[in-house]
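These notebook entries record what I looked up in one structure. I began with its pocket and then turned to the annotated sites and the domains.

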Amino acid sequence: MADDIVGGVGRPVSRTMSLELARVTERAAIAAARLRGQGREKEADQAAVDAMRRELNLLPINGTVVIGEGERDEAPMLYIGEQLGTGAGPKVDIAVDPLEGTTLCAKDMPGAIAVMALAEHGSLLAAPDVYMQKIAIGPGYPQGLVDLDASPADNIAALARHKGCAPSEITAIILDRPRHMALVAAVRETGAGIRLISDGDIAGIIHTTSPDETGADIYLGIGAAPEGVIAAGVLRCIGGHMQGRLILDSHDKRERAARMGISDPNRKYELADMARGDVIVAATGVTDGALLQGVRFKSGMIVTETVIYRSATGTVRRIVGEHRRPERFEA
């Protein structure tokens, strides 16, 4: 099958689009990296947003943001429903997180990235910018081994049995938030280890796909829905299992979700519900981290590291970009 078009679910995205998305996240990462360590979270996020929007609007696509940083009334962020691209190309879904880890960037701490996903039209879950309860594990496990509605003890025990190890040899990744105090206590009661992360749950979920390298077996807890859908896109590309449930705990949130076609506010979404068809995800490091190196500013050159995932081929590509005309990256 030719893969130079997007023609509906089941028709793959152009392979050349992978490199185009790398350019988009590179520009966003460079823009944010100029503000690393300056304590200016909003300014760094806005710089990444502006750079990402500029690059996306150059692409020959008819794109719609289905996962963004807010709804239409919250522009100038990349908002849900925003149209991007030249409009002359195929219809695609776009999910964006121009700067995942705004605090990490502001404090020049490890793990900040610029990330986005692009997929066939109708392939990504369209959801409001709310919280999502999530559970994720990597590839090689049977479907249903862990479940969002099971207790932490049951999920840890199931994972340990399948791996043939003790629960004490399992490590869970959890965002370090007050809302997770009970979850952390429940996991520790099993004897399992916990890696608390301050931000960056897309990378946290990705780490579960290679536990031999990262030491992370399972992701648990509540994070933002945009990051959940993008992470589901990555798992769609490289394997793994994930479930999510939107937290629609107010009348306003339920109304917003209903306007986006979500009829069951309590629905438990499987991986294929959040990301299906052909998906491409690109991420560029802003600060150094376990997943990617951050942007390097050198004399006459800017160096970036980007990872690209594609579901149609199951490939993961890493690109080290040496941008020898840094003036092109000035705002």
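The entries below follow the order of my look-ups.

**Entry 1. Source and conventions.** I am working with a predicted model, in which local features need pLDDT of at least 70, side-chain atom pairs count only at pLDDT 80 or more, and totals for chains, interfaces and linings use all residues. I number residues from 1 along each chain as its sequence is written, and side-chain values use heavy atoms, with hydrogens and water left out.

**Entry 2. The largest pocket.** I looked up the volume of the largest pocket and found about 610 Å³. Its lining comprises 24 residues, and those closest to the centre are Asp97, Leu99, Thr102, Ala224 and Glu227. I note the terms here. On a 1 Å grid over the protein atoms alone, a pocket is an open set of points where a 1.4 Å probe fits, with protein on both sides within 12 Å along at least five of seven lines; lining residues have an atom within 4 Å of a point. Grid points are joined across faces, edges and corners, and the volume is the space filled by probe spheres set on the points.

**Entry 3. Composition of the lining.** I counted 7 nonpolar, 5 polar and 12 charged residues in the lining of the largest pocket. Ala, Val, Leu, Ile, Met, Phe, Trp, Tyr, Cys and Pro count as nonpolar, Asp, Glu, Lys and Arg as charged, and the others, Gly among them, as polar. Helix H2 (41-56), strand S3 (91-100), strand S8 (218-224) and helix H8 (225-238) each contribute at least two lining residues. S3 gives the most, with 4 residues. Helices (H or I, at least four residues) and strands (E, at least two) are DSSP runs, numbered from the N terminus.

**Entry 4. First annotated set.** Under "binding site", an unreviewed UniProt entry lists Asp97, Glu100 and Glu227. These residues span 131 residues in sequence, yet no two of their C-alpha atoms are more than 8.2 Å apart, so they gather at one spot. Asp97, Glu100 and Glu227 are included in the lining of the largest pocket. I keep in mind that such annotations may be inferred rather than shown by experiment.

I then examined two members of this set. Asp97 lies in strand S3 and is buried, with a relative accessible area of 5%; buried means under 20% (1.4 Å probe, protein chains only). Not counting residues up to four places away in sequence, Asp97 touches partners including Glu69 and Glu227; contact means heavy atoms within 4.5 Å. Glu100 is also placed in strand S3 and is buried at 2%. With the same exclusion of residues up to four places away, the contacts of Glu100 include Asp201 and Glu227.

**Entry 5. Second annotated set.** Under "binding site", the unreviewed UniProt entry lists Asp45 and Glu69. Asp45 and Glu69 both belong to the lining of the largest pocket. Asp45 sits in helix H2 and is buried at 9% relative accessibility. Beyond neighbours within four places in sequence, Asp45 is in contact with Glu69, Met77, Leu99 and Thr102. I located Glu69 in the loop between strand S1 (62-67) and strand S2 (83-84), and Glu69 is buried at 16%.

**Entry 6. Domains.** How far apart do the C-alpha centres of domain 1 and domain 2 lie? I found 23 Å. The bounds, from an automatic or database domain assignment, are 14-122 + 277-327 for domain 1 and 129-272 for domain 2. Across the two, 26 residues of domain 1 are in contact with 20 residues of domain 2. The lining of the largest pocket draws at least three residues from each domain.

Definitions and conventions:
Buried < 20%, exposed > 50% of the residue type's maximum accessible area, 1.4 Å probe, protein only.
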